[in-house]
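Have the model on screen and follow the points in order.

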Amino acid sequence: MAPLVGLNLATDSTFVSAIKPLVSDGLVEALEWDIDSPWVVKRDDPELPQWITKLLDLYSSNGRLYGHCIWLSMLTPHRQQRQALWLERLARECSRRSYRLVSEHLGFMAAGPYVINTLLPVPYVEAAVATGRGLLERLAEATGTSVGLENLAGALAPADATSQAEFLESILGPQNGFLLLDIHNIFAQAANLEMDPYVLLEAFPCERVRIMHVSGGRWKDVAGKPYRFDGHNGAVPQEIYPLLHAALARCPNTELVTFERRVNSLDTESEITQMQADYRQLYEVVKSADQQKTASAAPLDSTPVVPFDAISTEQELADYEDALVDVLSMNAPPETLRAELLARPVVAAVQDYVASIRLRNLQATSLLLRRWARTEAEMDEAGLIPKTA
Ligand SMILES: [Fe+2]
């Protein structure tokens with residue numbers, strides 16, 4: 001049976017009007033809800049509008065509601081009080097509304113002074129796997145359902161893409177977690193590291209995939225060349241559809257393909273028309289996909305850049321993450337950022353990984369961090385409360 005096709009529900013009124021024709025044509029078969037986004041987004045009324053809760057309850061009662069989370073920071077080693085409270089709140093939400101599956105992301109955002117941030121990669125090392133396994137177990141306890149992780153869009157070094165499949169498998173394996181395969185994330189990583197997306201796709205543990213994401217983003221000039229940003233704020237590139245087709249043929253347990261669009265990102269009539277057309281095309285592609293495998297790509301060279309035990313304790317991992325966000329927060333040329341990072345003693349153990357960081361990726365990631373990173377004090381000042389008590 002073909003997978004369901006659904007939407008990640010953005011809550012702005014433009015988005016809601018835009019999806020009405022898709023809903024009335026019966027094309028929105030499932031909903032994905034960012035469970036923790038209302039916890040960090042300031043609203044005049046802290047309660048969700050009634051139409052949202054009604055819609056969530058409707059899809060939930062039909063077993064068609066999927067939970068997605070963004071702010072837990074799976075690879076932050078020292079569990080913060082904020083994370084414990086976040087898990088308690090998640091448990092309360094999942095006990096009163098049923099979610100078929102719940103997903104989070106590989107990567108981390110909470111480090112140094114920051115609680116909110118762009119998602120960042122760490123090298124594939126023992127302490128990161130242990131941290132991820134621990135939090136995934138807690139996530140499963142809190143939700144009472146199957147939990148999974150999404151592949152990252154960001155990458156600093158080629159190893160962030162080439163080791164990702166094994167990294168995810170190491171964390172998901174013991175919990176028998178599922179993989180949420182984001183097709184645009186593969187596309188963005190491949191573009192920004194000048195790799196073949198089909199080679200990356202083939203390395204993933206496809207039997208674990210139960211959900212796929214499809215979205216758009218934007219190209220922006222970084223160091224004189226287009227760099228792909230996964231902002232969920234642009235048209236779906238045509239290259240995504242054959243990649244999705246190949247992914248569907250390789251992932252027989254996929255039950256849902258979700259279309260993602262960032263809240264408040266539909267500004268013009270033509271963007272609305274484009275979004276509706278993208279969703280309809282996605283629906284067609286998913287429903288007409290056959291299980292015919294496309295030709296195999298060349299195998300991925302996933303030789304590790306640093307030994308697995310290069311970072312083996314939580315403290316070393318925390319120190320590395322603190323150093324990375326500290327350096328990324330500097331407004332300096334990427335050559336300076338990389339040299340600065342290499343000069344930090346805590347980076348010595350993964351020096352080969354840091355030396356392989358691409359300058360353009362470093363520059364783009366620093367831009368993202370300086371745009372999105374917020375300290376707890378800044379969140380409080382803005383009236384946003386990341387401590388989800
Ligand atoms: Fe995604």
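How many bridges join strand 9 to strand 10, and do the two run parallel or antiparallel? Five bridges join strand 9 (residues 218-222) to strand 10, and the two run antiparallel.

1. Ground rules. This is a predicted model, where local features need pLDDT of at least 70 and side-chain atom pairs count only at pLDDT 80 or more, while totals for chains, interfaces and linings use all residues. Residues are numbered from 1 along each chain as its sequence is written.

2. Helices (H or I, at least four residues) and strands (E, at least two) are DSSP runs, numbered from the N terminus, and two strands pair if DSSP finds at least two bridges between them. In strand 10, Pro 226 is the bridge partner of Asp 221. The hairpin of strand 9 and strand 10 has two residues between the strands, and Ala 223 there takes a positive phi near 55 degrees.

3. Strand 1 (residues 4-8) meets strand 11 (residues 256-260) through four bridges, running parallel, and Gly 6 stands opposite Thr 258 in strand 11.

4. Around strand 6. Strand 4 (residues 101-105) and strand 6 (residues 146-150) pair in the parallel sense over five bridges, with Leu 101 opposite Ser 146. Strand 6 also pairs with strand 7, again in the parallel sense, over three bridges; here Gly 148 has Phe 178 as its bridge partner. Four of the five residues of strand 6 are buried (20 or more other C-beta atoms within 10 Å of a residue's own; 12 or fewer makes it exposed, in between partly exposed, with C-beta atoms placed from the backbone).

5. Helix 8. Nine of its 11 residues are buried, so helix 8 is largely enclosed by the rest of the structure. Among the buried ones are Ile 183, His 184, Phe 187 and Asn 192.

6. The core. A nonpolar core is a set of buried Ala, Val, Leu, Ile, Met, Phe, Trp, Tyr and Cys residues joined through C-beta atoms within 7 Å. The largest one has 114 residues, and those with the most contacts inside it include Leu 179, Met 212 and Leu 243. Helix 12 (residues 314-328) gives the largest share of this core, eight residues. Leaving aside neighbours within four places in sequence, Leu 243 is in contact with Ile 183, Ile 186, Phe 187, Pro 197 and Leu 201 (contact is C-beta atoms, placed from the backbone, within 7 Å).

7. Two domains. The chain is divided into domain 1 (4-288) and domain 2 (308-373), bounds that come from an automatic or database domain assignment. Their C-alpha centres lie 25 Å apart, and the contact takes 29 residues from domain 1 and 32 residues from domain 2. Helix 5 gives the most to the side of domain 1 that touches domain 2, with four residues.

8. Helix 4 against helix 5. Helix 4 (residues 81-96) and helix 5 pack at an angle of about 35 degrees, their axes 7 Å apart. Helix 4 uses Leu 87, Leu 90, Ala 91 and Cys 94, while helix 5 uses Arg 138, Ala 142 and Thr 143. Glu 137 is also found in helix 5, and it counts as partly exposed because it has 14 C-beta neighbours inside 10 Å.

Definitions and conventions. Contact = placed C-beta atoms within 7 Å. Axes fitted to C-alpha atoms, helices over the stretch in contact; angles between N-to-C directions.
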